[in-house]
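Student: I would like to go through this model and ask what stands behind each label.
Tutor: Then put the structure up and ask.

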Amino acid sequence: MPGNSRSTEAGRSPSSALRGHSPRERGEGEDIAIIGGGIIGICAAAYLAEAGRSVTVFDRTGICEETSSGNAAAFAFSDVLPLAQKGMIKNLPKWLADPLGPLSIPPAYLPKLLPWLIRFWRAGRADRYEASLAAQVAMMGLAESEWAGLMQRSGTRAMLREDGSLELYESEAEFRASLPGWAARQRFDIGFRHVEGSELAALQPGLSPRFVKGTFVPAWKTVADPKLLGKAIWAYAQQKGACFEKARIERVETGPAGTTLHLADGATRQARHLVIAAGAWSHLLAKDLGDRIPLETERGYNTTLPKAAFDVKRQLIFSGHGFVITPLETGLRVGGAVELGGIERPPNYARSKALLRKAQKFLPGLDPAGGREWMGFRPSLPDSLPVIGRARANPSVTYAFGHGHLGLTQSAATGRLIRDLVLEQAPPIDLMPFSPQRF
């Protein structure tokens, strides 16, 4: 379970009063335990609580306090291309030569990462690429419809922003290199249009003239603030009876009667059903259950500036540099890039500073003062698809992790799918591409 602190603070939230004594308080153990209070665990809790199930979420820090709190705030439903797309592996040497570039690997971590990189390279082969693309398209379609419904039911629709996105190119060569990806999206009826000149300037006034073209995606959405949205969805789950316990889970084990959760303070909890949604730490718990899942960690960095730093009209995507700028209700977020460095190394905030310097060049007049730096862990699998399915050891344990940089986008869809698995209902999409046993 994530965290540096080994201490455990266990305590029921006041929401337990909404449904009387919990099963554990009656000595029966939990009905459904969810490990992970990020957006995936929150949405799973909301869907299961809506179905009338007794749900307790366990997290070592709180609800939406870690990686889910600092992401780029996008509902990236059109971002269907797997990271291991054709030709991407060719960029690795160039990117790795720049320690502050779009992709960084600390040299000491490379030997440990090598097996994952080999899987990533294989995932870019034409046959696997097409299969991953089709699975991602199905997942994104479900994600868009499920988020629309969940926002309506939870009263969070006002947090949605439908301003589109603008991807920017510094040269004709960079623009032409993007065209195969747009052609792949076009096959699945994803709308976009390429822009330049006055239309580009109108979509984002104040851009540097270095950008010669852009691609506007009108259906791209963002949220007012990902942390505020996560907490609002949790408040809705609480209204439906979900509970929270602040605790670090050290390990899990299964038996005929269900699953035992071992807490860091030596206590245990029993659960008839367990959902593991612990982000970048999930594979460590899955290993206890006999599933060896090749999860790695994309360490993402950002700086959130005051809202007055620049008038950004919509999310700006600088794909050649691996970062975005997002206008939020709570500030202007400049962040992205990838550092494949695991979960133990300390943050390298030189990366967030490098992104901010680039943002100043791309948006002349951007005020860099008063920023708040942040680093989070994106759980990433080599084929860019999450793990959603039952554990090998026990079908009462379900996995929901590995969404990479698409956790917020796909969280409502994952919540729906976890509910269907727990209730043994037919899922709306084929889950084979997301199987924990596919590796």
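Predicted model: local features only at pLDDT ≥ 70, side-chain atom pairs only at ≥ 80, totals over all residues.

Student: What is the mean pLDDT of the protein chain?
Tutor: pLDDT is the predictor's confidence in each residue, from 0 to 100. The chain has a mean of 90, and 91% of its residues reach 70 or more. Over residues 1-27 the pLDDT is below 50, and this stretch has 73 contacts in the model beyond near neighbours in sequence. Contact means heavy atoms within 4.5 Å.

Student: Why is the pair of Phe 75 and Trp 147 called tilted?
Tutor: Rings of Phe, Tyr and Trp (its six-membered ring) pair if their centres lie within 6.5 Å; planes under 30 degrees apart count as stacked, over 60 as edge-to-face and the rest as tilted. The centres of Phe 75 and Trp 147 are 4.8 Å apart and the planes stand at 35°, so this pair is tilted. The structure holds 13 aromatic pairs.

Student: What makes Tyr 169 and Phe 175 an edge-to-face pair?
Tutor: Their planes are at 65° and the distance is 5.4 Å centre to centre. Elsewhere, Phe 211, Phe 318, Phe 323 and Phe 362 form one aromatic cluster.

Student: Why does Tyr 169 count as buried?
Tutor: Buried means under 20% relative accessible area, exposed over 50%, and partly exposed in between (1.4 Å probe, protein chains only). Tyr 169 has 0% relative accessibility, so Tyr 169 counts as buried. Phe 175, at 7%, is therefore buried.

Student: How do you know that the pair of Phe 75 and Trp 147 ties together separate parts of the chain?
Tutor: Helices (H or I, at least four residues) and strands (E, at least two) are DSSP runs, numbered from the N terminus. Phe 75 lies in strand β3 (residues 74-75) and Trp 147 in helix α4 (residues 126-154), so the pair ties together parts that are 72 residues apart in sequence.

Student: What puts Arg 185 over the ring of Trp 182?
Tutor: A charge sits over a ring if NZ of Lys or CZ of Arg is within 6 Å of the ring centre and within 35 degrees of the ring normal. The charged end of Arg 185 is 4.1 Å from the centre of the Trp 182 ring. Arg 153 lies over the face of Tyr 47, at 5.4 Å from the ring centre.

Student: Why are β3 and β5 placed at the edges of their sheet?
Tutor: Two strands pair if DSSP finds at least two bridges between them. The open sheet has the order β3-β9-β5, with antiparallel pairing. β3 and β5 (160-161) each have a single partner strand, so one side of each is left without a neighbour in the sheet. Two bridges join β3 to strand β9 (residues 221-223), where Lys 221 is the bridge partner of Phe 75.

Student: Why is strand β20 described as largely enclosed?
Tutor: Five of the five residues of β20 (residues 397-401) are buried, so the rest of the structure largely encloses this strand. Strand β13 (residues 268-276) runs parallel to β20 and is joined by three bridges. Strand β19 (residues 387-390) pairs with β20 in the antiparallel sense over four bridges.

Conventions: Residues numbered from 1 in each chain as written. Heavy atoms only, no water.
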